[in-house]
Amino acid sequence: MNLFGVLCIGLGVIALVYFLICMGYAGLSASFTPIWLLVSLVAFGMGFTLRYIEKNEVHISEWISCPAFAIVVIAATAFVYAEALVIYYGNQTAPTDVEYVIVLGARVNGTTITRSLKRRLDTAIEYLEENQ
């Protein structure tokens with residue numbers, strides 16, 4: 001299998017694993033989570049289509065293959081970079097001399113908070129108790 005096909009299948013695996021992690025963390029209530037399932041399905045589809053094309057010796061123009069390869073490489077690089085920033089800044093020690101804390105993201109379903117919002121609020125309360 002060519003490098004592009006392997007890259008697509010690898011990207012599909014990463015997106016699927018990320019989807020499962022998001023599902024475990026936030027459940028179906030997170031509105032952005034299904035995007036990762038879609039990304040994984042598209043990447044798997046591209047990878048297995050390329051495998052079929054290579055196996056059956058179907059010719060694809062360079063006008064199609066080169067831009068497609070560039071798009072996948074750019075998408076994979078952007079994903080890895082964004083995740084590296086999230087991990088890096090997520091592990092930073094928070095300053096202790098702040099006047100207020102803003103808890104971002106997640107929604108409320110009626111009067112029930114989502115698991116994602118509950119974890120964020122619990123972390124904010126823990127921070128408040130440690131820094132009073």
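Analyst: Starting with H1: its 24 residues should span 34 Å at 1.5 Å a residue, and its end C-alpha atoms are 34 Å apart, which agrees. The expected span is 1.5 Å times one less than the number of residues. Helices (H or I, at least four residues) and strands (E, at least two) are DSSP runs, numbered from the N terminus. This is a predicted model: local features need pLDDT of at least 70, side-chain atom pairs count only at pLDDT 80 or more, and totals for chains, interfaces and linings use all residues. Residues are numbered from 1 along each chain as its sequence is written, and side-chain values use heavy atoms, with hydrogens and water left out.

User: Which residues of H1 are buried?

Analyst: Phe4, Gly5, Cys8, Ile9, Leu11, Gly12, Ala15, Phe19, Cys22 and Ala26. Buried means under 20% relative accessible area, exposed over 50%, and partly exposed in between (1.4 Å probe, protein chains only).

User: And what covers the buried residues of H1?

Analyst: The cover includes H2, H3 and helix H4 (115–130). After H1 comes Gly27, with a positive phi near 75°.

User: How far does H2 reach from its first C-alpha to its last?

Analyst: H2 reaches 34 Å with 23 residues, close to the expected 33 Å. Its buried residues are Thr33, Trp36, Ser40, Ala43, Gly47, Leu50 and Ile53, and they pack against H1 and H3. Just after H2, Glu57 has a positive phi of about 55°.

User: OK, the core. Which residues make up the largest nonpolar core?

Analyst: There are 7 residues in it: Phe4, Cys8, Leu11, Ala43, Leu50, Val72 and Ala76. A nonpolar core here is a set of buried Ala, Val, Leu, Ile, Met, Phe, Trp, Tyr and Cys residues joined through side-chain atoms within 4.5 Å. H1, H2 and helix H3 (62–90) each give two or more residues to this core, and H1 gives the most, with 3 residues.

User: What is Val72 in contact with?

Analyst: Leaving aside neighbours within four places in sequence, Val72 is in contact with Phe4, Leu7, Cys8, Leu11 and Met46. Contact means heavy atoms within 4.5 Å.

User: Switching to rings. How many aromatic pairs does a search of the whole structure find?

Analyst: The search finds 5. One of them is Tyr18 with Trp36, with ring centres 4.9 Å apart and planes at 75°, so this pair is edge-to-face. Rings of Phe, Tyr and Trp (its six-membered ring) pair if their centres lie within 6.5 Å; planes under 30 degrees apart count as stacked, over 60 as edge-to-face and the rest as tilted.

User: Where do Tyr18 and Trp36 lie?

Analyst: Tyr18 lies in helix H1 (residues 3–26) and Trp36 in helix H2 (residues 33–55), so the pair ties together parts that are 18 residues apart in sequence. Trp36 counts as buried, at 17% relative accessibility. Tyr18, Trp36 and Phe79 form one aromatic cluster.

User: What about Phe44 and Phe48, stacked or edge-to-face?

Analyst: Stacked, at 6.3 Å centre to centre and 25° between the planes. Both lie in helix H2, 4 residues apart, about one turn of the helix. Phe48 counts as partly exposed, at 47% relative accessibility.

User: Last topic, cysteines. How many disulfides does a search of the whole structure find?

Analyst: The search finds 0 disulfides, a disulfide being a pair of cysteine sulfur atoms within 2.5 Å. For Cys66, the nearest cysteine sulfur is that of Cys8, 14 Å away.

User: Is Cys66 buried or partly exposed?

Analyst: Cys66 counts as partly exposed, at 46% relative accessibility. Cys22 is buried, with a relative accessible area of 18%.
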